[in-house]
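This briefing is meant for a reader who is meeting the structure for the first time. Please look over the sequence and the model below before reading on.

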Amino acid sequence: MRFPQSLIDEIVAHAREDLPNECCGMVGGKDGEARTVYRARNGFESPLRFEVDARDLFRIVQKEMPQRDEELVAIYHSHTKSPAYPSQTDVNMAKNSWPEAMWIIVSLENAEQPDVKAYWLKELTISEAELAVE
């Protein structure tokens with residue numbers, strides 16, 4: 001998946017703005033290229049877990065992405081005090097909600113040097129995804 005650096009910067013900015021809680025959102029794109037970051041509210045308002053707010057989910061997936069002729073290509077969220085690696089909760093959530101989407105995690109464990117990594121979380125397995133930042 002090709003990602004413009006500007007989208008990664010937007011996701012990191014969202015993670016920092018939502019501290020002390022985890023942030024979350026979605027990325028829309030087409031033909032192997034990420035195009036748009038869609039911020040969402042964390043329904044849990046928690047530093048330990050996230051859930052995309054139901055109203056934001058509807059707005060993004062049912063309205064905004066189709067208007068831009070985009071599809072869901074990635075789910076993103078932040079880890080406030082742990083590495084950019086999927087938790088068991090992340091893996092379970094992927095299986096039950098978005099198994100085909102790329103999962104992007106921003107770690108703010110070291111807030112001065114955020115770590116951004118991407119994964120495929122299919123069938124309860126974790127495999128690192130190539131995040132081609134341009």
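If a disulfide is a pair of cysteine sulfur atoms within 2.5 Å, to how many disulfides does the count come by this rule? The count comes to 0 disulfides. The model is predicted, so that local features need pLDDT of at least 70 and side-chain atom pairs count only at pLDDT 80 or more, while totals for chains, interfaces and linings use all residues. Residues are numbered from 1 along each chain as its sequence is written, and side-chain values use heavy atoms, with hydrogens and water left out.

**Cysteines**

- Cys-23 is in no disulfide, and the nearest cysteine sulfur, which belongs to Cys-24, is 6.7 Å away.
- Cys-24 is likewise in no disulfide, its nearest cysteine sulfur being that of Cys-23.
- Cys-23 counts as buried, at 0% relative accessibility (buried means under 20% relative accessible area, exposed over 50%, and partly exposed in between, with a 1.4 Å probe and protein chains only).
- Cys-24 is buried too, with a relative accessible area of 0%.

**Strand 4**

- His-77 is found in strand 4, residues 71-79, where strands (E, at least two residues) and helices (H or I, at least four) are DSSP runs numbered from the N terminus.
- His-77 counts as buried, because its relative accessibility is 0%.
- The side chain of His-77 makes a polar contact of 3.1 Å with the side chain of His-79, and another polar contact, of 3.2 Å, joins the side chains of His-77 and Asp-90 (a polar contact is a pair of N or O atoms within 3.5 Å; within protein, one must be able to donate a hydrogen and the other to accept it, and residues adjacent in sequence count only if both atoms are side-chain atoms).
- Not counting residues up to four places away in sequence, His-77 touches residues including Cys-23, Cys-24, Phe-50 and Trp-103, contact meaning heavy atoms within 4.5 Å.
- Ile-75 also has its place in strand 4, and Ile-75 counts as buried at 0% relative accessibility.
- Leaving aside neighbours within four places in sequence, Ile-75 is in contact with residues including Gly-25, Phe-50, Trp-98 and Trp-103.
- Ile-75 and Arg-35 are 40 residues apart in sequence and 13 Å apart in space, C-alpha to C-alpha.

Definitions and conventions
A disulfide is a pair of cysteine sulfur atoms within 2.5 Å.
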